[in-house]
Amino acid sequence: FNISKFQEKMSKSLEKLKQDMQGLRIGRAHPSLLESIKVEMGNQKSVLGQISNINVKDAQTLMVVVSDEQLLKIAEKAIRNANLSLNPQKVDSTVLKVPVPKMSADYKDSLLKNLAQLAEKCRSSVRSVRTDARKSLKALKMPDKDNDKMEKEIQQMTDKYNKEIEQLLDSKKKDL
């Protein structure tokens, strides 16, 4: 019985949660806020982090630097369409200034709900992997002693990932 394949699936779920949480606007300027915004350049798709340099000017401002004017228009459109409530401003032909507004109480509440939903989705995914692992284990028809040992390992692995999910959620809540 190979438990590592199930551990890898749980790990991928946790990584997805980290990525999803990184993309949430928490009221402070951070490059990760814009890096994963999808950008369309003609028939090519990319992310903003690949076509520009994103720098923090101060706690409430990001600067997006691109290599030419065409990319500036594309970057500006992508930021506006990203549903982050951000309003980029053109500084010159290759630089955008992106003010990050302070968080309102309503936005903070909706963000907390969103965080809880993301964490629950990840927990659900981990539970699903645990169920799959148990089914695979039962299909092997191992002796009870070995079966119980593996069941315990599966549960310990599940508990470990659930604890990591809670730690991530708590740390993100503190950021708010």
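I take buried to mean under 20% relative accessible area, exposed over 50%, and partly exposed in between, with a 1.4 Å probe and protein chains only.

**Entry 1: the model.** I note that this is a predicted model, in which local features need pLDDT of at least 70 and side-chain atom pairs count only at pLDDT 80 or more, while totals for chains, interfaces and linings use all residues. Residues are numbered from 1 along each chain as its sequence is written, and side-chain values use heavy atoms, with hydrogens and water left out.

**Entry 2: two single residues.** Helices (H or I, at least four residues) and strands (E, at least two) are DSSP runs, numbered from the N terminus. A116 lies in helix α5, residues 105-140. Because its relative accessibility is 36%, A116 counts as partly exposed. I found the C-alpha atoms of A116 and L169 separated by 7.5 Å, although these residues are 53 apart along the chain.

T158 belongs to helix α6. Is T158 buried or exposed? Its relative accessibility is 0%, so T158 counts as buried. Contact means heavy atoms within 4.5 Å. With neighbours within four places in sequence left aside, T158 is in contact with M10, V126 and R130.

**Entry 3: helix α1 and its partners.** Axes are lines fitted to C-alpha atoms, for helices over the stretch in contact, and angles run from 0 to 180 degrees between N-to-C directions. Angles under 35 degrees count as roughly parallel, over 145 as roughly antiparallel, 65 to 115 as roughly perpendicular and the rest as oblique.

I compared α1 (residues 4-22) with α6 (residues 144-175): they pack at an angle of about 5°, and their axes are 11 Å apart. Therefore α1 is roughly parallel to α6. On the α1 side the contact includes F6, M10 and L14, and on the α6 side it includes M157, T158 and Y161. The residues of this contact divide into 10 nonpolar, four polar and four charged. Here Ala, Val, Leu, Ile, Met, Phe, Trp, Tyr, Cys and Pro count as nonpolar, Asp, Glu, Lys and Arg as charged, and the others, Gly among them, as polar.

How do the axes of α1 and α5 cross, and within what distance do they come? They come within 9 Å and cross at roughly 170°, so α1 is roughly antiparallel to α5. Among the α1 residues that meet α5 are F6, M10 and L17, and the α5 residues include V126 and R130. This contact divides into 12 nonpolar, three polar and four charged residues.

Entry 4: Two strands pair if DSSP finds at least two bridges between them. I found β1 (residues 38-41) and β2 (residues 44-47) paired in the antiparallel sense over four bridges. The bridge partner of V39 in β2 is S46. Two residues stand between the strands of this hairpin, and G42 takes a positive phi near 65°.

**Entry 5: the open sheet.** I traced four strands in the order β3-β4-β6-β5, with antiparallel pairing. The edge strands are β3 (52-58) and β5 (89-92), each of which pairs on one side only. Neighbouring strands are turned by 30° against each other on average, direction ignored.

Six bridges join β3 to β4 (residues 61-66), and S52 has V66 as its bridge partner in β4. Helix α4 (residues 69-80) packs on the sheet, touching β4, β5 and β6 (95-99), and its direction makes about 15° with that of β6. Three bridges join β5 to β6, with K97 in β6 as the bridge partner of Q89. β5 and β6 form a hairpin with two residues between them.
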